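Biologist: Hi! Could you walk me through this one?

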Amino acid sequence: MFRIAVHGKQTLLHEDTRQIAGFEFDARGRLAFISRAETDKYVIYRVNAGGRLSEAMRCVDLERCGLLSTSGDALLLSSDAGSPFNRLARLGADGKLQTLH
C-alpha cells in the first residue's frame with residue numbers, strides 16, 4: 001500500500017502477502033487499522049507506530065466487518081459480528097465492541 005503525493009512521490013505505508021480488504025487512517029494521517037482476508041475470515045489489525053500489526057478483531061462465519069473511520073484510538077465499523085443485525089459499532093482500544101446504532 002502506497003501513499004502517492006500530488007507530485008507523484010510514492011511512500012510505502014504497508015506491505016503484505018495477504019489481500020488487504022480495508023484500511024483506516026487516524027487523525028494525524030497515520031495508517032491505524034488494516035483488515036485482511038485470511039482464508040475463511042476477515043481479521044482487523046491495529047497498526048502500531050513502528051508498522052507492526054496486532055490483531056484487534058476477527059469476523060468469521062460470514063460476519064461482515066466494514067471499516068468506516070477512526071475516533072481517537074477506536075475504530076468505527078459497520079458489522080454484524082456477535083449480532084443478528086448489521087449495526088454501527090465502535091471497537092475500543094480495549095478490544096470491546098460496542099453498538100452505537
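Modeller: A disulfide, meaning a pair of cysteine sulfur atoms within 2.5 Å, links Cys59 and Cys65, with S to S at 1.5 Å. This is a predicted model, where local features need pLDDT of at least 70, side-chain atom pairs count only at pLDDT 80 or more, and totals for chains, interfaces and linings use all residues. Residues are numbered from 1 along each chain as its sequence is written, and side-chain values use heavy atoms, with hydrogens and water left out.

Biologist: What's the handedness of the disulfide of Cys59 and Cys65?

Modeller: Left-handed, because the torsion about the S-S bond is about -95°.

Biologist: And are Cys59 and Cys65 buried or exposed?

Modeller: Both Cys59 and Cys65 are buried, that is, under 20% relative accessible area, where exposed means over 50% and partly exposed lies in between (1.4 Å probe, protein chains only).

Biologist: New topic: what's the strand order in the open sheet?

Modeller: The order is E3-E4-E5-E6, 4 strands with antiparallel pairing. Strands are DSSP runs of at least two residues, numbered from the N terminus, and two of them pair if DSSP finds at least two bridges between them.

Biologist: Which strands stand at the edges?

Modeller: Strand E3 (20-25) and strand E6 (53-60) do; each has a single partner strand, so one side of each lacks a neighbour in the sheet.

Biologist: How many bridges join E5 and E6?

Modeller: E5 (residues 41-47) pairs with E6 over 7 bridges, in the antiparallel sense. Val47 has Leu53 in E6 as its bridge partner.

Biologist: Last one: where does Ile4 lie?

Modeller: Ile4 is in strand E1 (residues 2-4), and Ile4 counts as exposed because its relative accessibility is 55%.
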